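This report is for a reader new to the structure. It begins with the chain as a whole and then turns to single residues.

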Amino acid sequence: MPRGSTVRRILVPLLGALLPLALASCSSSGAASAPVAGSTTPQGPVAAVCDHAPPGPATAPAGAVPVDPAVVDDLSTKTKNSPAGTTFWLAPGTHRLSDDEYAQVQPKDGDVYLGAPGAVFDGHKKNRYAFAGPAKDVRLESFTVRGFTAPRDEGVVNHDSAPGWVIQHLTVQDNDGAGLMAGPKQQILDSCLRRNGQYGLNAYSGNAVVTGLVLRGTEITGNNTGNWESKVPECGCTGGMKFWAVDGADVVGNWVHDNRGTGLWADTNNNDFLIEGNLIENNDSAAIIYETSYNAIIRDNTFRRNNLLDGRAHADRGDPFPAATIYISESGGEPRLKARTSNLEISGNVLQDNWNGIILWENADRFCNSPANTSSGSCTKLVPNVATCSAPAIAKKPLYSDCRWKTQRVVVQHNQFTLNSKALGCEEVCARTGVFANFGSYPNWSPYQGAVIQQSITFQQDNSWHDNAYAGPWTFVAREMSNIVGIGEWQSAPYHQDANSSYKPNGG
C-alpha cells in the first residue's frame with residue numbers, strides 16, 4: 001500500500017434518525033461527545049449514530065436463516081452451506097467464530113446479514129477478520145462487529161474490498177486495523193465506526209480503483225487507538241478515514257470527531273470527491289487532508305477545534321509550518337480528468353477555533369519518480385509509467401507539467417473563518433491561511449529547482465480566495481513559508497487575493 005506524507009455521483013437516502021450534536025471538548029483520548037440539541041452544519045443536523053442506531057428485526061424475517069449465538073461458528077457454517085443471496089438473521093447475543101485466527105465469514109454474492117436487537121459479532125481478540133472474500137453486493141445491517149485483530153493497513157469488514165457492499169446501521173468498534181475496507185460502489189450509511197486501532201474506514205483496493213463510494217450519515221469517532229504515528233513516525237497511516245485512488249466519492253452528512261490524527265485524509269490519485277454537510281471537530285490533526293489528488297468539492301461543512309493538539313506540538317518544537325484545518329497538498333483541479341468539477345472548490349464552510357485555516361501547499365521536490373515522493377511507486381493520473389518522468393524528457397512539455405501533482409485551480413470562497421487566539425493561547429503561532437511552496441533543491445536532475453514552484457503556485461496556477469469573512473487576528477502566508485502578510489498586503493499587488501472579503505481582527 002502507498003503511504004502519504006503525507007464521474008459519478010450516487011445519491012442514497014439518508015435513513016435513520018439524524019440527531020443534533022454537541023460541541024465536543026478537544027482530546028486525544030478518542031472519547032466521543034454526547035449529542036445535545038442545537039449543533040448543526042450549514043445544511044442542517046448531522047448524524048449522531050453511535051449508541052443511537054435503530055434496532056434490527058426482533059424476529060427472523062420470512063425466509064431468513066436464523067443464526068444461534070450459542071453455537072460457535074454458526075454464522076460461518078451456515079453461510080458456507082447456504083446458496084448465494086441468502087438472508088441471515090443474527091439472534092440476540094454474542095456470536096463468535098472458532099479460535100483459528102484466520103476463521104472468518106466468507107459471504108456469497110448478494111448475501112444479507114441482519115442483526116436482532118443486541119446482536120454482536122465478536123472476534124474475542126483471536127480472529128483477524130469478520131467478513132472477507134470477493135463476493136459482491138453483500139449487505140450488513142443492525143448489529144455490532146467488535147474485537148477483531150486485523151493487522152496494520154488491513155480491515156475487519158469487507159477485508160478484500162469487494163464491490164457493491166451496503167453497510168447500514170452497523171456499529172464497527174474496538175477492532176485492530178481498520179474497521180471497514182471499501183470496494184467499488186460501496187455504500188456506508190447511518191453507521192458507527194468507533195475506537196478502531198488504525199482507521200474507522202480504509203478505502204483501498206490494491207491495484208484496483210474504488211469508484212462510486214458513498215459515506216453518508218455516519219459517525220466516525222475515537223479511531224487510531226493504536227497511535228500508529230508514534231510506532232511508525234511519519235507513516236501517514238492514521239486517523240478517522242483514509243482514501244487511496246478513489247474515483248468518485250460522496251462524503252455527506254457525517255460526524256467525524258475526536259479521532260487521534262486526521263479526520264478525513266484523501267491520499268494519492270483520488271478524484272471527483274464531494275465532501276459536503278459534515279461536522280468535523282476535535283480531531284488531533286487536520287480536519288481534511290487532500291493530497292496528490294484531483295477535482296473536489298468541499299462545501300457547507302463545519303470545522304471546529306481541529307489540529308489543536310498537533311498545532312501546539314508544532315509550535316512547541318519550533319516548526320513554522322502552519323498546521324492546517326483544510327490542508328491541500330499537491331492537489332487541485334484537472335480538466336482532463338472526468339469529474340463533477342474541474343476545480344478544487346472550497347466554499348460555504350464554517351471554520352471555528354481551529355489552529356489554522358486553509359493551506360494550499362506544493363512541495364517542489366515531490367513529483368513522479370522523485371526520491372522525495374513519499375507515495376513511492378505512484379505516478380500522476382496523467383502519466384501512468386513512473387519511469388517516463390526522468391531526465392532529460394521531464395524538462396520539456398508535456399512531461400514538465402504532467403509529472404507534477406499540482407496545487408492549481410483551487411477556489412476558496414464564501415467561507416467563514418473565526419478564531420479566538422487568546423482563548424486557545426496561540427496568539428503568535430496560529431490563525432494563518434495561505435498559499436506557498438518550498439524552494440526546489442532535490443534531486444539534482446529536477447527541472448523544478450529554485451523558486452519556480454513558489455512562483456507557479458502563487459501567481460500562475462489559478463488559485464484564488466474571494467468573498468470570505470474573517471473574524472480574529474488572521475494572517476496570510478504567501479509564496480514562501482516565511483512570508484507572512486496582513487490582510488492589506490494579501491489583497492494588494494502582487495497577490496490580489498480575497499477580493500470582496502471582510503476582516504475583523506478583534507471579532508474572534
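## Overall make-up

The chain contains seven helices and 39 strands. The model is a predicted one.

The chain has 508 residues and a radius of gyration of 23 Å, which agrees with the value near 23 Å that a compact globule would have. Along the principal axes, its C-alpha atoms fill a box of roughly 70 × 55 × 40 Å.

## Surface and charge

Of the 508 residues in the chain, 59% are buried. The accessible surface comes to about 17,800 Å², and carbon and sulfur atoms account for 51% of that surface.

The chain carries 40 positive and 48 negative charges.

## The annotated span

An unreviewed UniProt entry gives the annotation "domain: Right handed beta helix" for residues 158-323. In the model, this span is 42% strand and 8% helix. Its end C-alpha atoms lie 33 Å apart.

## Asn158

Asn158 sits in the loop between β10 and β11 (166-168). Its relative accessibility is 0%, so Asn158 counts as buried, the cut-off being under 20%.

Leaving aside neighbours within four places in sequence, Asn158 is in contact with Phe131, Trp165, Met181, Ala182, Gly183 and Gln186. Asn369 is 211 residues from Asn158 along the chain, and the C-alpha atoms of the two are separated by 32 Å.

## Gly147

Gly147 belongs to the loop between β9 (144-146) and β10 (155-157). With a relative accessible area of 7%, Gly147 is buried.

Between the C-alpha atoms of Gly147 and Asp353 the separation is 35 Å, with the two residues 206 places apart along the chain.

## Thr238

Where is Thr238 placed? Thr238 lies in the loop between α2 (228-231) and β19 (241-243). Is Thr238 buried or exposed? Thr238 counts as buried because its relative accessibility is 3%.

Not counting residues up to four places away in sequence, Thr238 touches Gln198, Tyr199, Asn224, Trp228, Glu229, Arg260, Gly261, Thr262 and Trp265.

Conventions: Residues numbered from 1 in each chain as written. Predicted model: local features only at pLDDT ≥ 70, side-chain atom pairs only at ≥ 80, totals over all residues. Heavy atoms only, no water. Helix = DSSP H or I, 4+ residues; strand = E, 2+ residues; numbered from the N terminus. Buried < 20%, exposed > 50% of the residue type's maximum accessible area, 1.4 Å probe, protein only. Rg over C-alpha atoms; globule rule 2.2 N^0.38 Å. Areas by Shrake-Rupley, 256 points an atom, 1.4 Å probe, with all protein chains shown as cover. Lys, Arg positive; Asp, Glu negative; His and termini not counted. Charge placed at Lys NZ, Arg CZ, Asp CG, Glu CD. UniProt positions renumbered as here; feature names shortened; annotations may be inferred. Contact = heavy atoms within 4.5 Å.
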